[in-house]
Amino acid sequence: MRVIVVGAGVVGTMHAWQAVERGHEVVQIEREAEARGASLRNFGQIWVSGRAGGEELETALRARELWEEIGGRIPGLGFRPNGSLTPVRGDLELAVAEAAVAREDAPARGYKLLIPDEARALNPALRGEFSAALYCERDAAVEPRTAQLALRAELLKSPRYTFLPGREVREVIGHHAVRDDHGDVHTGDVVVLCTGAWLGGLVRELAGPALPVRRVRLQMMQTDPLGEPLTTSVADADSFRYYPAYTSTALDELNARQPQARTAADHRMQLLMVQRADGGLTIGDTHEYEHPFAFDTLEDPYDHLTEVVESFLGRPLPKIRRRWAGVYAQCTDPSRVVHRQQVRDGVWLVTGPGGRGMTCSPAIAETTANELGW
């Protein structure tokens with residue numbers, strides 16, 4: 001079988017990986033010299049802890065297995081099973097963490113509620129004050145800026161894989177063929193469009209204007225090296241308000257009696273933080289849903305994130321090295337992990353994983369391969 005994959009972000013590259021692993025020939029086409037979108041502008045988290053129970057959690061757990069398996073073969077992915085800690089303060093936040101630990105699927109996530117001394121034994125960098133911490137053993141991380149490059153370098157070892165950068169696919173021709181902006185036609189047995197947040201042009205033409213996917217903008221930042229290990233990923237209690245796993249009467253009480261700080265509420269914020277391989281910290285994020293998106297980055301969210309992080313670390317942050325914005329595609333139906341649609345005979349669109357893209361992409365691609373009979 002010959003598979004044409006359009007898009008070289010993490011979702012597209014994982015589809016290429018699945019096809020090559022199953023013995024098929026793959027041509028992967030990318031409009032940029034290399035992927036530049038949300039697949040690089042994220043935390044690199046394999047984030048199991050907050051996923052909704054059922055299909056979403058099952059997908060995340062399977063993806064976690066696949067990331068570890070692939071990471072064992074490709075050290076350049078930087079896979080590490082670091083887990084995560086969410087420090088909480090006060091009875092209201094503690095009650096949400098206790099409700100999470102009481103879930104039936106808590107053992108599958110590796111949830112444990114730790115007292116401060118236990119949390120600091122696990123992550124000594126957390127010198128600030130907090131009441132307890134929710135630990136998720138199944139969370140992990142990879143290096144987002146280099147993961148696709150490492151995957152592609154491994155794929156290029158196969159004679160069955162071809163990468164064509166700097167080509168934008170403009171047209172689907174008949175069955176199983178596409179024409180790029182160089183005028184070249186690429187024919188296969190199946191075409192998979194993994195176009196990320198690019199939802200106009202050809203995607204709109206194929207899927208129609210009612211595509212149930214929206215674009216979301218975020219802001220993030222990265223510091224100079226911390227100078228010590230941050231042994232787990234770290235979140236704050238605002239992540240309880242964002243992720244579906246924490247839905248409970250305790251969360252309702254938290255929202256009613258302890259609203260978010262004004263800046264966090266205005267920008268729909270949570271803290272997520274991961275240490276990079278070079279020792280720096282990736283810190284975010286915000287969520288903007290209304291179009292048109294701002295074209296600049298705002299300082300208030302960064303100030304808020306800095307304050308929260310420093311309160312957990314009990315020390316000043318290192319110098320901020322980079323600030324950036326990114327845009328990702330998200331299904332408008334929160335019950336769906338991804339939007340997978342046959343848009344023509346032999347042509348499939350796979351998009352809209354939202355903030356689950358980095359976490360779930362290996363399992364999303366595996367499901368596509370299974371459903372299409374690769």
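Q: Buried means under 20% relative accessible area, exposed over 50%, and partly exposed in between (1.4 Å probe, protein chains only); into which of these classes does Glu 65 fall?
A: The model is predicted, so that local features need pLDDT of at least 70 and side-chain atom pairs count only at pLDDT 80 or more, while totals for chains, interfaces and linings use all residues. Residues are numbered from 1 along each chain as its sequence is written, and side-chain values use heavy atoms, with hydrogens and water left out. Because its relative accessibility is 43%, the class of Glu 65 is partly exposed.

Q: How far apart are the closest N and O atoms of Glu 65 and Arg 62?
A: Helices (H or I, at least four residues) and strands (E, at least two) are DSSP runs numbered from the N terminus. Glu 65 and Arg 62 are three residues apart in helix H2 (residues 55–73), so about one helical turn separates them, and Arg 62 is partly exposed at 30%. The two residues form a salt bridge (a side-chain nitrogen of Lys or Arg within 4 Å of a carboxyl oxygen of Asp or Glu), and their closest N and O atoms lie at a distance of 2.9 Å.

Q: How many salt bridges does a search of the whole structure find?
A: Glu 168, which is partly exposed at 22% relative accessible area, forms a salt bridge with Arg 170, the closest N and O atoms being 3.6 Å apart. Arg 51, Glu 56 and Arg 356 are linked in a network of such bridges. Over the whole structure, the number of salt bridges found is 29.

Q: How many aromatic pairs does the count come to, and in which loop does Tyr 246 lie?
A: Rings of Phe, Tyr and Trp (its six-membered ring) pair if their centres lie within 6.5 Å, with planes under 30 degrees apart counted as stacked, over 60 as edge-to-face and the rest as tilted. The count by this rule is four. Tyr 111 and Tyr 246 form a stacked pair, with 6.5 Å from centre to centre and 25 degrees between the planes. This pair connects distant parts of the chain, 135 residues apart, with Tyr 111 in strand S5 (residues 111–114) and Tyr 246 in the loop between helix H8 (238–242) and helix H9 (249–257).

Q: In strand S19, which residue is the bridge partner of Val 192?
A: Strand S19 (residues 347–351) is mostly covered, five of its five residues being buried; Val 347, Leu 349 and Thr 351 lie on one side and Trp 348 and Val 350 on the other. Strands pair if DSSP finds at least two bridges between them, and three bridges join S19 to strand S12 (residues 190–193), the two running parallel. The partner of Val 192 in S19 is Trp 348.

Q: Which residue takes a positive phi in the hairpin of S18 and S19?
A: Strand S18 (residues 339–344) pairs with S19 in the antiparallel sense over five bridges, and His 339 stands opposite Thr 351. The hairpin has two residues between its strands, and the residue with a positive phi near 75 degrees is Gly 346.

Q: What distance separates the C-alpha atoms of Asp 303 and Thr 263?
A: Asp 303 lies in helix H11 and is partly exposed, at 46% relative accessibility. Asp 303 and Thr 263 are 40 residues apart along the chain, and the distance between their C-alpha atoms is 9.3 Å.
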